[in-house]
Structure formats: structure tokens, C-alpha cells
Amino acid sequence: SEAMKITSYLVKYALAHHEVKFKYINNSKQIFQTYGTSDLMQTAKELFSEDFYNKALCVDIKINEDLSLTGLLGKNSLMYSSRKMQYIFVNGRIVHGQSIQKAIEEAYKKYIPANNFPMFFVNILVNPANVDVNIHPNKLEVKFENEQQILTQIKNAVSKQLDSSQMIAHIDNVFGLEKED
């Protein structure tokens, strides 16, 4: 139980700080290693051993002067029965932002079936003057000034990104046929 909690925390920390190299060993077994390449997509691939290159979108969205969103948004082929693959950071700080989570999930509603949850790793970059990090003893929750406006802007930005992306996975040579030139 404790090892699972530690692993979960280190995965979150590696995603939040993908520019840092991590090597996590538990009971003489290497659980994961990242290489600090500053490439979030590569770090996600190192952590989860999935084909994230074809199933996720890198995003770097400037919403306005005080609000940006960076990270990975899973295509509709990366959905899960739980929220286990949803990681939210605010200014690089790991947070449990249910309101942020709901806003992003709302943007996915037309792409995934009910009772499924999208994969996303997002870092919300907001002017520090517009966010209060002192509302939770462990500083795991944040409160935005003009929260509803910010959540709507995040939802709209994610929705626009998904709408402009190819959500259906590209399949090459499914039947083993030779390509014609």
C-alpha cells in the first residue's frame, strides 16, 4: 500500500518536472526511469510504456496574458474506466483539482462514451496573484480568482484543441498488404 502511494507520487512528480531525470528503485527492482529530456511525451512513454505518440496530443495553449495550458491530451482511444490517468498541475504544483478535472472532462463529452474517462496530463500556468494555494493543509487544492471564468476558458481551450485534432487513430497496413506507389 505504501509502495503504491510512493509510486503514484513519483509518477506525478516526474510528469510535473519532466526536465528532471528520475530513477525509481523499489526492493532492488527498477520501477521506472526517465531521462530528463524536457519532452513530456517522451517522459509519458517512459512511465507508462504505451504508444503515446499516436494516442496523445501535445498542447501548449496561451489562453490569455495570465493563463496558459501545457501538457498532453489523450485522444479518444486513450480512455479508462477510472480517473487514474488524469494528472493536474498548477504552476508545476501537483493538485487534486476536481473542478479543473470536470471542466476538462466536459470538453471530452462528445468524444468518449459515458462512464469512461479521458487521459490528460495538464499544467495550468496562471498568474500567481490569481491563485490561492493555501486552502488545503497539504496544498493539494487551489482556488482561482474568477474561478468559473478560468474553468470555462480551460474547457473551451481543450474543446477547441480536440475539435481541431484527428481523434481517430491512423492504422497502417492492417491486413499486411503491400503499399502501392
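Start with the second largest pocket, whose lining has 6 nonpolar, 2 polar and 4 charged residues. Nonpolar here means Ala, Val, Leu, Ile, Met, Phe, Trp, Tyr, Cys or Pro, charged means Asp, Glu, Lys or Arg, and the others, Gly among them, are polar. The model is a predicted one, in which local features need pLDDT of at least 70 and side-chain atom pairs count only at pLDDT 80 or more, while totals for chains, interfaces and linings use all residues. Residues are numbered from 1 along each chain as its sequence is written, and side-chain values use heavy atoms, with hydrogens and water left out.

**Stop 1: the second largest pocket**

Select Lys102, Glu105, Glu106, Tyr108, Lys109, Ile112, Pro113, Ala114, Asn115, Asn116, Phe117 and Pro118, which line this pocket. A pocket is an open set of points on a 1 Å grid over the protein atoms alone, where a 1.4 Å probe fits and protein lies on both sides within 12 Å along at least five of seven lines; a lining residue has an atom within 4 Å of a point. The space inside is about 180 Å³, a volume being the space filled by probe spheres set on the points, which are joined across faces, edges and corners.

Now colour by element: α4 and β8 (117–118) each supply at least two lining residues. Helices (H or I, at least four residues) and strands (E, at least two) are DSSP runs numbered from the N terminus. The largest share, 4 residues, comes from α4.

**Stop 2: salt bridges by the pocket and beyond**

Keep Glu106 and Lys109 selected. These two form a salt bridge, with the closest N and O atoms 3.7 Å apart. The term means a side-chain nitrogen of Lys or Arg within 4 Å of a carboxyl oxygen of Asp or Glu. Lys109 counts as exposed because its relative accessibility is 55%, and Glu106 as partly exposed because its value is 38%. The classes are buried under 20% relative accessible area, exposed over 50% and partly exposed in between (1.4 Å probe, protein chains only).

Next select Lys110 and Asp163, a salt bridge with its closest N and O atoms 3.0 Å apart. Which parts of the chain does this pair link? Asp163 is in helix α5 and Lys110 is in the loop between α4 and β8, 53 residues apart. Asp163 is partly exposed at 41%, and Lys110 is exposed at 57%.

**Stop 3: helix α5**

Follow Asp163 into α5, residues 147–163. This helix of 17 residues reaches 24 Å from its first C-alpha to its last, close to the 24 Å expected at 1.5 Å a residue; the expected span is 1.5 Å times one less than the number of residues. Where is the buried side of the selection? Show Glu147, Ile150, Leu151, Ile154, Ala157, Val158, Ser159 and Leu162, the buried residues of α5. They pack against β3 (56–64), β4 (67–74), α4, β9 (120–126) and β11 (143–144), contact being heavy atoms within 4.5 Å.

**Stop 4: the largest pocket**

Move to the largest pocket, with a volume of about 220 Å³. It has 14 lining residues, and the closest to its centre are Lys12, Gln86, Val95, His96 and Gln101. Two or more residues come from each of α1 (2–16), β6 (86–90), β7 (93–95) and α4 (98–108). β6 gives the most, with 4 residues.

**Stop 5**

Finish with Glu2 and Lys5, whose side chains meet in a salt bridge (3.8 Å, N to O). Glu2 and Lys5 are separated by about one helical turn because they are 3 residues apart in helix α1. Both are exposed.
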